[in-house]
Amino acid sequence: EIYAANLSQPSVAPQRAAAKPQRTTQPGGGNANWERERAELEGEYQKMMQDVTQQTMEMKIGMEQVEKEREFYFNKLREIEVYVQTQLETGTNPAVEGVLKDVQSIMYKTEDGFEIPDGAEGEEVEETF
């Protein structure tokens, strides 16, 4: 009776979708439809590979350009930093010294949540890509 009661209740388990019908032809069977479908899929695959390769090359070129630009501006900031430090160490006009200290404070200001990587304070960190 327990089993009969359980069988009469509708199942709440998710139903699986009907399985796709299997091919009636097998590879190597010489079927023209299978060969055509295989050739189409191979063509689509080759096209996708070309697209991905092209996107990868474009991204690589873009990244190289961004890295060059980053180095350009980093080197300019480094030159300004050295100049400001030199001027502050040699002693200058008090009005100019105030401006130089303001420039220095702007250069060393960090954003909220930014942390200087270990070993990067005061020394250049070699990057690997």
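User: What makes the contact between the side chains of E71 and R70 a salt bridge?

Analyst: In this predicted model, the N to O distance between the side chains of E71 and R70 is 3.2 Å. The criterion asks for a side-chain nitrogen of Lys or Arg within 4 Å of a carboxyl oxygen of Asp or Glu, and the pair is therefore called a salt bridge.

User: Why are E71 and R70 called partly exposed?

Analyst: The class lies between the limits of 20% and 50% relative accessible area. E71 has a relative accessible area of 34% and is therefore partly exposed. R70, at 35%, is placed in that class as well.

User: How many salt bridges does a search of the whole structure find?

Analyst: The search finds five. Among them are the bridge of E71 with R70, that of E40 with R36 and that of D51 with K47.

User: Why does the pair E40 and R36 count as a salt bridge?

Analyst: The closest N and O atoms of E40 and R36 are 3.9 Å apart. The limit is 4 Å, so the pair meets the definition.

User: What separates E40 and R36 along helix α2?

Analyst: E40 and R36 are four residues apart in helix α2, which means a separation of about one helical turn.

User: How do the side chains of D51 and K47 meet, and what is their separation in helix α2?

Analyst: D51 and K47 form a salt bridge with an N to O distance of 2.9 Å. The two residues are four positions apart in helix α2, so about one helical turn lies between them. D51 counts as partly exposed at 34% relative accessibility, and K47 counts as partly exposed at 46%.

User: What makes the approach of the E81 side chain to the side chain of R78 a polar contact?

Analyst: The distance between the two side chains is 2.7 Å. The cut-off for N or O atoms is 3.5 Å, so the value qualifies.

User: How do the spans of α2 and α3 compare with expectation?

Analyst: Helix α2 has 59 residues and reaches 86 Å from its first C-alpha to its last, close to the 87 Å expected at 1.5 Å a residue. For helix α3, the 15 residues should span 21 Å, and the end C-alpha atoms are 21 Å apart, so the values agree.

User: Which residues cap the N-terminal ends of α2 and α3?

Analyst: N31 caps α2, with a side-chain oxygen 2.8 Å from the backbone nitrogen of N33. N93 caps α3, where a side-chain oxygen lies 2.7 Å from the backbone nitrogen of A95. Just after α2, G91 takes a positive phi of about 80 degrees.

User: How many aromatic pairs does the structure hold, and why is the pair of F72 and Y73 classed as it is?

Analyst: The structure holds one aromatic pair. F72 and Y73 lie 5.0 Å apart, centre to centre, with 80 degrees between the planes. The centres must lie within 6.5 Å, and planes over 60 degrees apart count as edge-to-face, so the pair is edge-to-face. F72 is partly exposed at 43% relative accessible area, and Y73 is partly exposed at 46%.

Terms used
Residues numbered from 1 in each chain as written. Predicted model: local features only at pLDDT ≥ 70, side-chain atom pairs only at ≥ 80, totals over all residues. Heavy atoms only, no water. Polar contact = N/O pair within 3.5 Å; in protein donor to acceptor, adjacent residues only side chain to side chain. Expected span 1.5 Å × (residues − 1). Phe/Tyr/Trp six-rings, centres within 6.5 Å; stacked < 30°, edge-to-face > 60°. Buried < 20%, exposed > 50% of the residue type's maximum accessible area, 1.4 Å probe, protein only.
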